[in-house]
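Subject: Structure for your files

Hello,

Here is the structure we spoke about. My notes on it follow below.

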Amino acid sequence: MLVRLKEKIKNNPPLKTFVHRLLVHPIKTRPRFWLRCCRFLYIKRGKGTVIYRNTRKDIVPFNDFYLGDHSVIESFSTLNNMVGEIRIGSRSRIGLGNTIIGPVHIGNDVNLAQGVVVSGLNHNYEDPCQTIISQGVVTSLITIEDDVWVGANAVLLSGVTIGHHSVVAGGSIVTHDFPPYSVVAGNPAKVIKYYDPQQNKWVKPKA
């Protein structure tokens with residue numbers, strides 16, 4: 001029944017606008033106070049989780065938010081699932097001042113350092129006769145697989161996948177996918193080292 005109601009709202013633009021304004025302030029673009037008071041009803045959390053009080057939680061009930069067991073959201077971070085779900089696995093840490101905008105899937109044992117931006121959202125801009133803000137957005141899922149470390153001030157753009165046991169160096173701009181066991185750095189980021197199972201060691205790619 002809930003799925004049918006969601007589809008009905010999605011397929012009826014005037015109703016969708018009405019419901020959206022009921023839930024989200026049109027100027028502040030964050031959940032209204034009454035909805036923020038009800039977050040405990042729809043935020044899904046595992047055991048032993050920590051979300052620090054001064055985290056900005058722009059979390060709405062019409063997209064999923066899940067935080068796995070013993071995971072931590074550090075202070076001054078922003079969580080926004082208004083345009084796509086956010087799922088964070090177990091024993092993962094979202095560092096100080098991170099910005100996470102869905103759709104984003106983060107695996108287990110992931111460590112995001114300070115000031116990291118992970119945004120599955122892009123603004124449309126193609127029509128030069130309209131303002132960019134009036135053209136809406138497009139989303140594409142970001143996937144950070146298990147056991148990944150992302151260094152401070154890195155930016156992960158929409159649609160990218162970071163493979164298992166990889167490292168993203170601080171300050172990197174990630175614009176495309178990287179396979180498991182990669183160390184990536186730069187703007188745009190590229191592989192600077194990877195694990196070779198045949199040699200049983202980390203090696204630099206050939207020039």
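Leaving aside its neighbours within four places in sequence, which residues is asparagine 80 in contact with? The model is a predicted one, and in it asparagine 80 is in contact with Asp58, Ile86, Ile100, Ile101 and Gly102. Asparagine 80 belongs to strand β6, residues 78-80. With a relative accessible area of 15%, asparagine 80 is buried. Its side chain reaches the backbone nitrogen of methionine 82 at 2.9 Å.

Core

Two of the names above lead on to other parts of the model. Isoleucine 100 is among the residues with the most contacts inside the largest nonpolar core, and that core has 36 residues. In soluble globular proteins, nonpolar side chains tend to be buried together. Not counting residues up to four places away in sequence, isoleucine 100 touches Thr78, Leu79, Asn80, Ile86, Ile94, Ile106, Leu112 and Val118.

Salt bridges

The other name is aspartate 58, which forms a salt bridge with arginine 30, the closest N and O atoms being 3.5 Å apart. This pair links distant parts of the chain: arginine 30 is in the loop between α2 (13-23) and α3 (33-36), aspartate 58 is in strand β3 (residues 56-58), and 28 residues separate them. Aspartate 58 is buried, with a relative accessible area of 3%, whereas arginine 30 is partly exposed at 23%. Arg30 and Asp58 are also linked with Arg56 in a network of salt bridges.

How many salt bridges does a search of the whole structure find? The search finds 5. Two further ones are described here.

Aspartate 64 forms a salt bridge with lysine 44, with the closest N and O atoms 3.7 Å apart. Here too distant parts of the chain are linked: aspartate 64 is in the loop between β3 and β4, lysine 44 is in strand β1 (residues 44-45), and the two are 20 residues apart. Both count as partly exposed, aspartate 64 having a relative accessible area of 32% and lysine 44 one of 44%.

Glutamate 74 forms a salt bridge with arginine 93, and their closest N and O atoms are 2.5 Å apart. Glutamate 74 lies in the loop between β5 (72-73) and β6, and arginine 93 in strand β8 (residues 93-94), so this pair ties together parts that are 19 residues apart in sequence. Glutamate 74 is buried at 16% relative accessible area, while arginine 93 is partly exposed at 36%.

Cysteines

A search of the whole structure finds 0 disulfides. Cysteine 37 counts as partly exposed, at 41% relative accessibility. Cysteine 129 is exposed, with a relative accessible area of 73%.

Strand β21 (residues 182-186) pairs with strand β22 (residues 189-196) in the antiparallel sense, over 5 bridges. A hairpin of 2 residues joins β21 to β22. Alanine 185 has lysine 190 in β22 as its bridge partner. On to the next strand: β22 also pairs with β23 (residues 201-203), again in the antiparallel sense, over 3 bridges. Aspartate 196 stands opposite lysine 201 in β23. The hairpin of β22 and β23 has 4 residues between the strands, and in it asparagine 200 takes a positive phi near 55 degrees.

Glycine 136

Glycine 136 is in the loop between β13 (121-123) and β14 (137-139). At 31% relative accessibility, glycine 136 counts as partly exposed. Not counting residues up to four places away in sequence, glycine 136 touches His123 and Asn124. From glycine 136 to threonine 161 is 25 residues in sequence and 24 Å in space, C-alpha to C-alpha.

Regards

Terms used
Residues are numbered from 1 along each chain as its sequence is written. This is a predicted model: local features need pLDDT of at least 70, side-chain atom pairs count only at pLDDT 80 or more; totals for chains, interfaces and linings use all residues. Side-chain values use heavy atoms; hydrogens and water are left out. Buried means under 20% relative accessible area, exposed over 50%, partly exposed in between (1.4 Å probe, protein chains only). Contact means heavy atoms within 4.5 Å. Two strands pair if DSSP finds at least two bridges between them. A polar contact is a pair of N or O atoms within 3.5 Å; within protein, one must be able to donate a hydrogen and the other to accept it, and residues adjacent in sequence count only if both atoms are side-chain atoms. A nonpolar core is a set of buried Ala, Val, Leu, Ile, Met, Phe, Trp, Tyr and Cys residues joined through side-chain atoms within 4.5 Å. A salt bridge is a side-chain nitrogen of Lys or Arg within 4 Å of a carboxyl oxygen of Asp or Glu. A disulfide is a pair of cysteine sulfur atoms within 2.5 Å.
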